[in-house]
Amino acid sequence: MKKILALLLASLMLMSLLAGCAEEPGASGEPQYVEKGKLIMSTNAAFPPYEMTTDDGGFAGIDVEIAQAIADKLGLELVIDDMDFDAALMAVQQGKSDMVMAGVSVTDKRKKVMEFSDSYATGIQVVIVKEGSDVTMDNLGDKMIGTQRGTTGYLYASDTPENGGYGEDHVIAYDNGASAVMALQNGQVDCVIIDKAPAQEYVKANPGLTLLEGSWVEEEYAIGFDKGNTGLRDKVNQALKELTEDGTIQRIIDKYITAN
């Protein structure tokens, strides 16, 4: 009788363990998708040249074309959902999108709640100022800084001086880069910290603005996935590897960012 009870208990424990493994997302190594046959990408299409809207209501940019190339490799239909940057990050964590591409930098905080692909591009953050401004890289802590909400630019700049930031009192977060640049033009902030590629686009489109020399910080861009969805991450990494080796990634970047 004791042997039978022991066998029953052992069987129940094994079933419990198997059930627990089955409940963990991505535990089997199989990619998890929000919708069968589709690759849903959340983004903030106000970050040229990585993602932006077109006159016909579509999307263009480095991330958009890389995402399309990845979807083609995986045999999936690419679907793009445009939203605020913070919302784009949350969408993938809440199972509303399969991946997030929006010039996303990898941080320790984000790694706790998301999986990340290998890096596919380098992001350099710079400082936009008005021409003739007295703002320098050395006196940013004395100025009012505009950033895009939820970005590493905001997170780093608003951190405490002890951690290398300037404090929350010196930083204003805006929904997107365009709003931050408008605030600079209107005199609401003294400068804007944002990635170099979109910064160059904003300066080109708005006479009277310029960039401070040098970079404020350099980071690597990667694709974000829901925590535990290692199957999809690995599939995308393989696609990125192939697209890098055949030159597709570099051709897409060169199309939007010239040597000058």
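Visitor: How many helices and strands does the chain have?
Guide: There are nine helices and 14 strands, taken as DSSP runs numbered from the N terminus (helices H or I, at least four residues; strands E, at least two). This is a predicted model, where local features need pLDDT of at least 70, side-chain atom pairs count only at pLDDT 80 or more, and totals for chains, interfaces and linings use all residues. Residues are numbered from 1 along each chain as its sequence is written, and side-chain values use heavy atoms, with hydrogens and water left out.

Visitor: Which residues touch the most other members of the largest nonpolar core?
Guide: Among them are Ile66, Met101 and Tyr120, in a core of 30 residues. A nonpolar core is a set of buried Ala, Val, Leu, Ile, Met, Phe, Trp, Tyr and Cys residues joined through side-chain atoms within 4.5 Å. Buried means under 20% relative accessible area, exposed over 50%, partly exposed in between (1.4 Å probe, protein chains only).

Visitor: And which helix gives the most to this core?
Guide: Helix 2, with seven residues.

Visitor: New topic: how many aromatic pairs are there?
Guide: Three. Rings of Phe, Tyr and Trp (its six-membered ring) pair if their centres lie within 6.5 Å; planes under 30 degrees apart count as stacked, over 60 as edge-to-face and the rest as tilted. Tyr50 and Tyr221 are edge-to-face, because their planes sit at 90 degrees, with ring centres 5.1 Å apart.

Visitor: Is Tyr221 buried or exposed?
Guide: Buried, at 1% relative accessibility. Tyr50 is buried too, at 4%.

Visitor: Which residues do ring pairs link into a cluster?
Guide: Phe47, Tyr50 and Tyr221.
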